[in-house]
Amino acid sequence: MSRLLRTGLNAGEAAPMAVVGGEGVYFHLADGRKLIDGSNTGGGLGHRHPAMVEAIRRAADTPVVNEGWTWIGREQAADDLMATAFKGEEDWVGAVRFCISGSEANDMALSLCQALTQRSALATRERAYHGITGLSRSMTVQPQWHGGLAVHAGGSKLPAPMAPVRILPAPNGAIYGAPANNAPPSEYLADAPRLLSDTAATIIDYTQGGIYYDGAYQDEVARCAREAGSYWIADEVVTGAGRAGRWFAFQGAQSRPDIVTLGKSLGGGAAAVAAVVVSKDIVERLKGTSWQNYGTLRGHPISMAAVSAYLKVVSDDKILEHVAGLERLFARRLLAIAQRHPSVQRVAGQGVHWTVELHGPDWRTWHADTTEVPIASRVAERALEAGAVIGTSGEQTSLFLAPPLIISEREANQLLDALDHGLDVADEEHG
């Protein structure tokens, strides 16, 4: 019996596949198979990218310097982030603080806003996921990701919430399955000024639950938040650092956030690293104070080396342009796949992050409190036969495709072929 306590994105008790290695966009499994990794939002440059491996090797020969000490590599990573990813945003972007995970980054950002405003309530959008620690857990409003226990015999044991949460309606754009007459954000966000009136922060992301970037929605939320005195946080943990086909999803609209949170791809998948980037206005408000929030391993030399190396590869190898081209391929093929499979209800996405939602029970009723394998997981299991790993987000009817940013067109087509193959299972059940 394994001595490791684990969790997973699928309901039930089955052990996940055993990964023993990887190269580029491929996982190597214990049974000898080599599968395209279509699920790894943490590995922007895939597995064992030579530039990342070399950066980590060099950094392993440095002292262990905690967050309380100045480290030249940390200063360099901050400069590299601002000069590369935030180039063109100099009029408002202020400073960065590094941490370890996206959950931690969101918790730090949200608690900072509570301290600055002396308000407790927070706001997010419907179906959001912002992490599973601290305040980020309270802001995760997908019912199965509550940080507690999903009892396999039925029911859940939840920890107490850490803050009052206001939930805004979400946009519903999609390339397949969108409403015929999609109302403008000003209509379905008409109650936003009231909902946000007592909030410290309003945080929105650009992928979770299959809800992607919508410029008009972002600008309306930003306007309402500012008028309410609520800081606006752009959660770019998934989309930031290139997955959206630009450095940040928020850059497609006019509004700019007070805080940006980053994670996953920021370290190229080679190190656990995240960041909280604050505006010049917040830097000014922090003068005369000390932010009493400390972490021993934040800004670790290995993580900082990974950040600098990743930013250089993305810039030098023109990864953003590559992702923008792949977006067109994914959109074209996914639309054709959806039209061919009656089990598909909705398809949405951006860059190289796409969600395929199946017909079935409403997501609001899914608590993962069963050993029954959800239909999305069965589709993903069938896709393994065709040579690819597809993600499920732990939802009952939702699949996502998020391969490394370096995936080739040939490999992307193989991944989409595997999805096509897997959806036959859902078609059989859909009837």
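**A note on the cavity and the sheet**

1. The count comes to 1 cavity of 30 Å³ or more (a cavity being a set of points, on a 1 Å grid over the protein atoms alone, where a 1.4 Å probe fits but cannot get out). Do keep in mind that this is a predicted model, where local features need pLDDT of at least 70, side-chain atom pairs count only at pLDDT 80 or more, and totals for chains, interfaces and linings use all residues. Residues are numbered from 1 along each chain as its sequence is written, and side-chain values use heavy atoms, with hydrogens and water left out.

2. The largest cavity has a volume of about 60 Å³, taken as the space filled by probe spheres set on the points. Its lining (residues with an atom within 4 Å of a point) includes Arg125, Pro171, Asp205 and Tyr213. Strand S9 (199-205) and helix H7 (215-228) are the elements that give two or more residues to this lining; helices (H or I, at least four residues) and strands (E, at least two) are DSSP runs.

3. Now to the sheet: an open one of 7 strands, ordered S4-S12-S11-S10-S9-S5-S8, with mixed pairing. Strands pair if DSSP finds at least two bridges between them. Strand S4 (93-99) and strand S8 (165-168) stand at the edges with a single partner strand each, so one side of each is left without a neighbour in the sheet.

4. S9 and strand S10 (residues 231-236) run parallel, joined by 5 bridges. Ala201 has Tyr231 in S10 as its bridge partner.

Definitions and conventions
On a 1 Å grid over the protein atoms alone, a cavity is a set of points where a 1.4 Å probe fits but cannot get out, and a pocket is an open set with protein on both sides within 12 Å along at least five of seven lines; lining residues have an atom within 4 Å of a point.
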